[in-house]
Amino acid sequence: MKLTLLGWESTGLRCPDLVIDLTKEGAAPRVSLVQMPNGTGKTTTLDLIKASLTGRALDWSSDDVRRLRRPGSVNDSGKFVLKLLADNDPLAFELSFDFLEEKITYRTSCRARGGIKEGWEPPIEVKRFLNDRFVPLFIFNGELAQDLLDGRQAKASEAIDALCQLEHLDAIVAATLEDWQHATRNQGAKTASGLAGWKSREERLATRFKKVQDARQRCASELSSKEARITELNSELNDRLKYDHTTQKRKDEVETRIRSHENALVEKTRSILQLIRQPQFLSPHFAGGLAMLKDQFDRVRLPERTSRQFFVELADEPRCVCGRSIGEQERQAILGQANNYLANELYSFINNLKGDIRQSVLDEPVAVSSRIESAVAEQKVIRRELSQFRTELEQIRAESITDAGDAAEKLALELKACESERDELIEMLAKIDEHPDANVSDDSWSIRGLQRELARVREEIAQITGTVELKAKLDAIEVIAKRTKEIARERLREAIRDDCNKTLEKVLSGDPIRIDKIGNSLSLRDQDGASVGQTLAVGYTFLTTLLNRGAHKFPLVVDSPAGSLDDGVRNRVGRMIPTLCEQFVAFTISTERGYFLPALEEVAGNSIVYLTAFRTTKGMQGIVDSLPANAIRSLDGAVVSDREYFLKFEMPQEQE
Amino acid sequence: MAVDSEVLVALKQAVQESDQTESLEQAIAAWLLALSERELGHSENKRHLEAAKHAVRLIPGD
């Protein structure tokens with residue numbers, strides 16, 4: 001990617017209204033010199049160029065915007081347009097200043113993105129470089145070169161990280177941490193020791209579950225045998241029992257009563273359950289509450305006319321009840337509003353509910369709870385009598401067994417033992433099959449409870465296993481990302497150092513200065529410090545090597561490139577810069593020309609544009625009056641594109 | 001948009017040092033690319049998350 005600066009235009013801003021064209025014969029030359037006396041708005045222009053490139057003006061405060069208004073002016077708006085080439089495609093950023101609202105808006109003109117677009121929308125391939133970390137590396141003042149060699153700062157390291165996007169490796173580390181926190185947000189045990197605890201519980205529960213399962217199978221099998229044996233014994237015993245006529249009659253009567261009471265007990269229990277299903281019979285509180293509900297419905301008064309159906313039918317009529325005709329628009333409005341009213345089915349439901357309450361609660365104001373009490377009392381009587389009949393039958397049977405002799409008694413004893421064992425087995429099976437409690441212990445008999453708890457523990461283990469494993473995986477990625485960053489940074493530093501030294505060898509053949517190491521800053525070989533010239537040479541070399549890495553080309557835009565240099569150094573830096581980059585744009589003042597300009601011209605030849613731009617104040621009247629014919633004038637500024645004019649231009653009061 | 005070649009070389013070395021597979025190296029390279037494209041608004045966040053998940057899946061468990 002190659003970025004070329006073509007020029008800019010400013011209107012209504014703190015800097016004078018100027019149109020700066022850096023091109024020569026339709027193309028950007030190797031060197032563009034913009035001579036601007038102090039007070040012409042160099043700093044403002046550089047800030048606006050940076051803001052155009054980075055899109056950062058959107059973050060400026062009202063004060064920041066206000067400060068860019070032309071002093072003493074009443075204009076409500078201003079504009080700055082930066083023109084570039086991204087590879088060979090024209091690209092322009094336009095910043096519009098609204099001084100009334102104190103706001104800035106962007107427009108981007110770019111063929112690759114479909115022409116003019118609102119907002120800051122550079123092409124994707126350029127956007128990567130247009131940020132706060134990168135732009136200051138190619139639009140800067142001389143101080144940056146010094147900062148690169150300053151061990152207290154980390155400018156060199158930051159520049160490499162920014163260009164090579166090493167921060168994406170930090171993003172990977174951050175993402176692994178975020179993943180881990182997300183995965184473990186609602187979990188207790190996150191460690192291997194927690195996992196061991198759960199696994200031990202699973203083992204205990206699994207063992208218990210197996211034991212209970214076996215017990216159930218054994219009980220069911222034994223119960224089946226026991227019941228078969230009981231049937232056999234009963235049959236055998238009955239064959240041996242002899243009843244006389246009176247006893248037989250008594251026995252038949254008792255058995256009939258038992259059957260009739262068993263049926264009565266079932267019926268009574270059923271009727272009690274039926275009563276319990278009606279809340280008004282359970283407690284007077286329920287009856288009172290239902291009466292109150294009906295009362296509330298009565299107060300609400302829901303006339304049938306307000307039902308939804310009324311409006312639905314009205315919508316089909318040609319005329320409304322008020323006499324106005326109903327068209328399609330009115331019809332839709334009525335149907336839309338109909339939903340706000342009760343539908344017929346809902347209205348009917350409420351009426352039915354009210355009717356039921358009236359009939360079941362209000363029309364029967366008896367002590368409703370007494371109906372259940374009397375039913376339960378009747379059930380108790382049936383139970384008691386049933387129990388008495390069963391005891392009587394047992395007695396008849398016991399007497400008959402005694403009369404039948406030893407063999408019958410022996411069978412009866414075995415039968416009793418079998419029945420007792422059967423009851424124990426039934427009890428055990430009930431215990432195993434019972435509905436589990438909320439908390440299931442490791443020695444529970446509830447097979448369903450153990451099954452449920454085992455599933456829960458296994459789910460827990462699965463989750464913990466997942467997170468423990470996930471943690472190990474994320475740790476592995478974090479180690480790789482951090483190590484990659486270390487290795488990449490080291491390799492990049494070495495590669496850039498070697499490239500820089502090759503360039504320094506070429507452009508400063510008479511000077512043995514070389515970069516020894518790139519750490520946070522640049523360290524020079526065999527020397528503790530460097531002269532201003534050496535600092536600039538090393539700084540420019542480092543930046544241009546870095547910027548041009550990966551076949552990218554950026555302009556080098558420098559404010560006062562020779563301002564603080566002595567004559568010899570100016571000459572050397574002037575010779576060097578055009579060899580480092582394809583486009584060098586310098587903001588200069590007249591006092592920087594000596595020794596610097598001849599050196600630049602020696603290397604760049606005719607590929608130089610000479611621009612002189614200044615504010616046309618009253619104090620400049622003499623200069624304004626003698627402007628050449630090709631000068632471009634504006635409301636408060638002038639630009640001259642001419643070498644001779646550039647060389648002769650002087651401002652007596654001008655200072656660096 | 002590409003990831004710097006030196007970063008890819010470094011990634012290869014780091015993955016080898018950690019005894020992980022070449023597939024993981026490729027997955028992390030894809031993840032870096034997705035991050036780079038996300039920064040430019042060129043791809044959705046979803047793509048970066050998918051790249052991350054894929055990389056995690058490629059590391060064998062116990």
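Q: Which strands of chain A do the buried residues of H1(A) pack against?

A: In this predicted model local features need pLDDT of at least 70, side-chain atom pairs count only at pLDDT 80 or more, and totals for chains, interfaces and linings use all residues. Residues are numbered from 1 along each chain as its sequence is written, while chains are lettered from A and ligands numbered from 1 in the order in which they are written. Helices (H or I, at least four residues) and strands (E, at least two) are DSSP runs, numbered from the N terminus, and a residue is buried if 20 or more other C-beta atoms, placed from the backbone, lie within 10 Å of its own, exposed if 12 or fewer, and partly exposed in between. The buried residues of H1(A) pack against strands E1 (3–11), E4 (77–86), E5 (89–98), E8 (139–141), E11 (556–559) and E12 (584–588) of chain A; among those buried residues are Leu48(A), Ile49(A) and Leu53(A).

Q: What follows H1(A)?

A: Gly55(A), whose phi is positive, near 75°, comes after H1(A).

Q: Is Glu602(A) buried or exposed?

A: Glu602(A), which has its place in helix H19 (residues 596–604) of chain A, is exposed because 12 other C-beta atoms lie within 10 Å.

Q: How many residues of chain B are in contact with chain A?

A: Two residues are in contact if their C-beta atoms, placed from the backbone, lie within 7 Å, and here 26 residues of chain B are in contact with 24 residues of chain A. The largest share of the side of chain B that touches chain A, nine residues, comes from H1(B).
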